[in-house]
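Hello,

Here is the structure I promised to pass on to you. Have a look at it first, and then read on for what turned up in it.

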Amino acid sequence: MLIEKPVTGSTNDDARALALGGAPHGTAVLARAQEAGRGRAGRSFLSPVGGLYLSVVLRPILPPARWGILSLAFAVETVEALREAGFDARVKWPNDVMIQGRKLAGILAESRAGPDPFVIAGIGMNVDRVPEGLPDATSLADCGAPPTVPQLAARLQAGFVARLARLEKEGPEPTLAALRGACVTLGKKVAWENKEGVAIDVAEDGALVVRDDAGRRHAVLAGDVKLL
Ligand code: BTN
């Protein structure tokens with residue numbers, strides 16, 4: 001089921017309320033604007049009309065200890081959906097989808113473990129235009145003729161469900177392999193927490209593996225990594 005709203009607070013909040021009310025695996029909320037869109041690390045996410053704001057309720061069989069890869073897995077799925085539509089999209093670790101070096105979309109996976117666990121896979125994408133004040137962002141319209149929002153939302157809804165099923169059936173390796181081929185961060189010099197190094201891989205738990213100048217490997221799990 002895909003519930004469509006012209007405007008809402010946050011589709012992730014709507015999806016969470018649906019999940020708490022027992023909504024089945026795959027239920028999704030699509031809004032054309034959000035008044036309280038949330039991004040990673042507690043930031044707000046500008047969500048004017050002209051974008052796609054989608055959240056999908058997922059009820060994983062995968063144990064919570066293996067959920068660390070999920071937001072990257074949804075980013076990989078988004079890249080595959082965009083490539084099918086003719087766009088040369090890539091992933092920027094940990095949760096951005098990029099075209100031509102500019103941010104097109106962001107993923108926010110939120111979860112609740114415990115007796116009735118669920119994950120909310122949220123995506124916000126610039127479709128018709130870039131929100132004001134984001135000079136480093138792009139939109140599908142800027143990169144070619146965009147598919148319609150309902151068409152893309154249905155593809156992403158089905159894709160997130162299928163990606164989770166694939167992780168559960170085949171393990172993380174196929175998703176990691178696709179990610180390694182599509183991740184702009186790998187091979188680049190990065191800085192995090194006053195340290196620098198080269199991003200060399202992504203681990204099974206979603207951590208960015210970085211080798212510093214002394215050859216030490218670090219697993220960077222959260223926080224901001226800056227491309228140098
Ligand atoms: C980021 O770039 O930091 C992640 C942004 C995620 C935004 C999406 S829009 C749909 C869903 N609802 C929200 O409030 N956030 C996510």
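**The hairpin and its sheet**

Glutamate 193 takes a positive phi near 40 degrees in the hairpin of E8 and E9, where 2 residues lie between the strands. Before going further, please note that this is a predicted model, in which local features need pLDDT of at least 70 and side-chain atom pairs count only at pLDDT 80 or more, while totals for chains, interfaces and linings use all residues. Residues are numbered from 1 along each chain as its sequence is written, and side-chain values use heavy atoms, with hydrogens and water left out.

Strands (E, at least two residues) and helices (H or I, at least four) are DSSP runs, numbered from the N terminus. Two strands pair if DSSP finds at least two bridges between them. One of the contacts joins alanine 191 to its bridge partner in E9, glutamate 196. E8 also pairs with strand E12 (residues 226-227), again in the antiparallel sense, over 2 bridges. There, valine 190 has leucine 227 of E12 as its bridge partner.

Put together, 5 strands make an open sheet with antiparallel pairing, in the order E11-E10-E9-E8-E12. Strand E11 (217-220) and E12 stand at the edges with a single partner strand each, so one side of each has no neighbour in the sheet.

**Two pockets**

A pocket here is an open set of points on a 1 Å grid over the protein atoms alone, where a 1.4 Å probe fits, with protein on both sides within 12 Å along at least five of seven lines; lining residues have an atom within 4 Å of a point. Volume is the space filled by probe spheres set on the points, which are joined across faces, edges and corners.

The largest pocket holds about 700 Å³ of space. Its lining has 34 residues, and those nearest its centre are Ser44, Phe45, Asp96, Lys103 and Gly106. Among the elements that each supply at least two lining residues are helix H1 (11-20) and strand E6 (102-112), and E6 gives the most, with 6. By class, the lining has 13 nonpolar, 14 polar and 7 charged residues (nonpolar: Ala, Val, Leu, Ile, Met, Phe, Trp, Tyr, Cys and Pro; charged: Asp, Glu, Lys and Arg; polar: the others, Gly among them).

About 390 Å³ of space lies in the second largest pocket. Gly68, Ser71, Pro94, Ala109 and Leu221 are the closest to its centre, out of 21 lining residues. E6 gives the most to this lining too, with 5 residues. The second largest pocket lies between domain 1 (2-182) and domain 2 (189-227), because both give residues to its lining; the domain bounds come from an automatic or database domain assignment.

**The cysteines**

How many disulfides does a search of the whole structure find? The search gives 0, a disulfide being a pair of cysteine sulfur atoms within 2.5 Å. The sulfur of cysteine 143 is 19 Å from the closest cysteine sulfur, in cysteine 183, which is too far for a bond. Cysteine 143 counts as partly exposed at 23% relative accessibility, whereas cysteine 183, at 9%, counts as buried (buried is under 20% relative accessible area, exposed over 50%, partly exposed in between, with a 1.4 Å probe and protein chains only).

Best wishes
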